[in-house]
Amino acid sequence: MKPIRIALLALLLFLSCHLSAQTPGIIVRPAGSAGPSVLDPNLNGYTSLTTAGFGTNDITNSEILYKVVAPVIAEPTGDLLRGPSGNFSDIVKTVDGSGFYLYNDGTNFLCRLRIGSIVSGSKGYSILLDTDSKFGATGANADPNYQAATTGNNGNPGFELEVVLETNFRIAIYNADGTSTPVLLTSYPIASNSQISVAATTDGGNPDYFYDFYVPFAAMGITASTPLRATATTVMSPSPAIGGPKSDIYGLAGSNYMADWETIINTQPSFTLNNLTSGGSGISASCTAAPTVTSPILPTSTSISGAWTKATNSTITTATITVYKNGTSLGTTTVSSGATWTLSSVSGLAANDVITAKAQGTGESMCLSSNSVTVNACNSANIPSTPILVCYSGSKGISGTNLTTGWTVHVDNITRNTQENSVNNTGGLFGANTGSSPNLNWVFSGGCASGAPMASGSYKIYYTNNTTGCTSEPAYFCDAGNGGSVLAGSIAAPTITSPANSVFTTATQSIAGTTTVAATVKLFINGLVSQTVTANATTGVFTFSSVVLAFNDKIHITVEKNTGTVSTSYCAGESPIFTVSCNTAPPV
């Protein structure tokens with residue numbers, strides 16, 4: 001009987017150890033010991049509040065009260081780009097649909113993921129952060145550093161930082177701003193900065209695990225008040241998700257990682273590390289989609305209008321629109337998705353007031369702002385005419401016509417930031433006007449007949465009405481220079497990629513194209529600047545969002561690039577003038 005008793009004792013010991021190892025809350029890596037003090041403050045070897053485990057709630061009964069990062073939808077199981085369903089790369093959910101959590105202990109940025117299983121192989125568990133509140137290729141808050149996906153792995157819609165648990169290797173912080181190949185900033189050892197414990201849930205019928213890791217937030221280059229937006233993605237190799245073999249993206253059941261990331265971040269309210277403390281509020285409801293504001297708005301306007309369409313993932317069909325003047329509310333109105341809205345009985349508008357709007361649906365957050373419209377008394381009927389240049393020569397000067405009495409001629413060398421006009425420079429570079437209004441002739445730097453050579457640079461020439469302050473559209477002239485003062489080159493007319501074939505209609509809501517990288521791009525509608533954006537620093541892509549066009553509007557685009565150094569600056573470029581047509585083609 002003795003061998004049988006020994007065998008039974010061994011079996012009981014095995015079962016006891018096995019059951020103990022799987023007690024919810026117990027730390028299994030590092031195996032057999034307490035975790036790092038930051039992640040296991042009482043050093044009892046459990047992530048639950050006590051060694052009794054989590055009970056039925058592993059969020060409220062956690063030793064560290066991590067804040068839930070709410071998913072767009074309840075985190076699905078098996079929604080993987082690659083990898084086995086419900087296993088080591090699958091972010092799984094608890095009863096509230098969540099599987100991603102963050103915390104701030106005052107010094108460190110703590111991250112927790114609920115994963116379907118553990119594995120001895122090396123994988124990546126990534127936290128991606130947007131830190132500049134700009135994201136995606138389109139919209140009022142598009143990121144100028146957007147990186148389009150050209151392969152199955154690359155592309156970056158606007159993340160600046162990535163914190164990655166690279167199992168068996170390290171916890172790494174990467175600079176991901178404007179790149180598909182993140183640059184390592186610093187790293188920390190697995191043993192001191194990570195742990196894995198058993199969660200209370202059994203999604204898919206087997207135990208789930210908490211993957212916890214942390215880094216000092218000072219090493220990330222952010223402060224407790226930096227606005228953040230975050231999501232999590234698992235990777236099938238110990239590497240960043242950006243540029244790596246992504247597996248599961250938290251909070252959506254999709255397989256288009258660029259579109260999914262954009263949906264997640266653009267519908268998430270921004271938060272700060274202060275929201276992630278024990279007294280913080282966490283990251284909760286989704287943002288209601290931003291409305292648009294229609295321009296122009298005059299100082300005499302008594303109403304402000306726009307449009308609103310709900311986000312594709314939202315179930316909200318109506319929203320309250322709040323309209324702001326210089327950041328102060330002017331009032332509210334309601335709107336249904338896909339419809340226009342109007343705030344009536346508006347008063348007290350003045351030139352240069354900035355009008356914006358936000359929308360809020362029931363159960364969502366009001367955190368995304370519309371395009372901004374500046375109140376302006378100038379319109380296509382009262383702005384000065386675009387200068388007509390009769391002659392221009394870098395070796396001599398410039399002369400023009402169509403000047404009206406009461407207007408000032410401006411000749412700005414935008415490359416050298418030299419601004420000269422026919423009032424302050426009378427008797428200097430500007431000569432006496434001849435002829436009669438409204439076709440006065442003017443000369444600068446001797447015109448084309450005499451005078452010293454002009455300094456190299458890209459010149460912008462425009463008129464200003466001295467009474468109203470309204471400014472004309474510019475005319476451009478470039479003196480490319482020679483020798484040590486030569487410019488880098490000329491910007492060609494911007495290439496418009498959307499709408500197709502540059503066919504602008506009243507249905508056109510966004511305009512996209514490409515030009516010289518990091519150039520300043522301006523959209524003119526009926527002679528007035530409607531929007532200004534910066535072309536992507538790598539691809540040269542630019543996008544004007546929330547565009548509102550009317551039949552027969554005249555639009556065109558100008559592009560300038562001035563770095564402050566002549567040798568790296570460019571002659572300006574501009575598109576042809578396009579006329580907005582009806583939404584439907586006329587009969588043939």
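A residue is called buried when its relative accessible area is under 20%, exposed when that area is over 50%, and partly exposed in between, with a 1.4 Å probe and protein chains only. The model is a predicted one, in which local features need pLDDT of at least 70 and side-chain atom pairs count only at pLDDT 80 or more, while totals for chains, interfaces and linings use all residues. Residues are numbered from 1 along each chain as its sequence is written, and side-chain values use heavy atoms, with hydrogens and water left out.

We begin with the interior. In soluble globular proteins, nonpolar side chains tend to be buried together. A nonpolar core is a set of buried Ala, Val, Leu, Ile, Met, Phe, Trp, Tyr and Cys residues joined through side-chain atoms within 4.5 Å, and the largest one here has 38 residues, with Phe-100, Leu-102, Phe-109, Ile-127 and Met-220 having the most contacts inside it. Among the elements that give two or more residues to this core are strand S3 (100–104), strand S4 (108–115), strand S5 (124–130), strand S10 (209–216) and strand S11 (229–235); helices (H or I, at least four residues) and strands (E, at least two) are DSSP runs, numbered from the N terminus. If contact is taken as heavy atoms within 4.5 Å, then Ile-127, leaving aside its neighbours within four places in sequence, touches residues including Phe-100, Leu-102, Phe-109, Leu-161 and Phe-213.

The structure holds 6 salt bridges, a salt bridge being a side-chain nitrogen of Lys or Arg within 4 Å of a carboxyl oxygen of Asp or Glu. One of them joins the side chains of Arg-112 and Asp-212 (2.8 Å, N to O), and because Arg-112 lies in strand S4 and Asp-212 in strand S10, the pair ties together parts that are 100 residues apart in sequence. Both Arg-112 and Asp-212 are buried. Another salt bridge is formed by the side chains of Asp-130 and Arg-229 (2.9 Å, N to O); since Asp-130 belongs to strand S5 and Arg-229 to strand S11, this pair ties together parts that are 99 residues apart in sequence. Asp-130 counts as buried because its relative accessibility is 0%, and Arg-229 is buried with a relative accessible area of 5%. In the salt bridge between Arg-170 and Glu-166, the closest N and O atoms are 2.8 Å apart, and here Arg-170 counts as partly exposed at 26% relative accessibility, whereas Glu-166 counts as buried at 2%.

Strands S5 and S11 return when we turn to a helix. Helix H3 (residues 257–266) is mostly covered, as 7 of its 10 residues are buried, among them Tyr-257, Trp-261 and Ile-265. The buried residues of H3 pack against S5, S11 and strand S12 (246–249).

Finally, we come to the backbone of some loops. Most residues other than glycine have a negative phi, and most peptide bonds are trans. The peptide bond from Arg-29 to Pro-30, however, is cis, with omega near 5 degrees, and Pro-30 is placed in the loop between strand S1 (27–29) and strand S2 (67–68). Ala-518 has a positive phi, near 65 degrees, and lies in the loop between strand S29 (511–514) and strand S30 (520–525). With a relative accessible area of 36%, Ala-518 is partly exposed.
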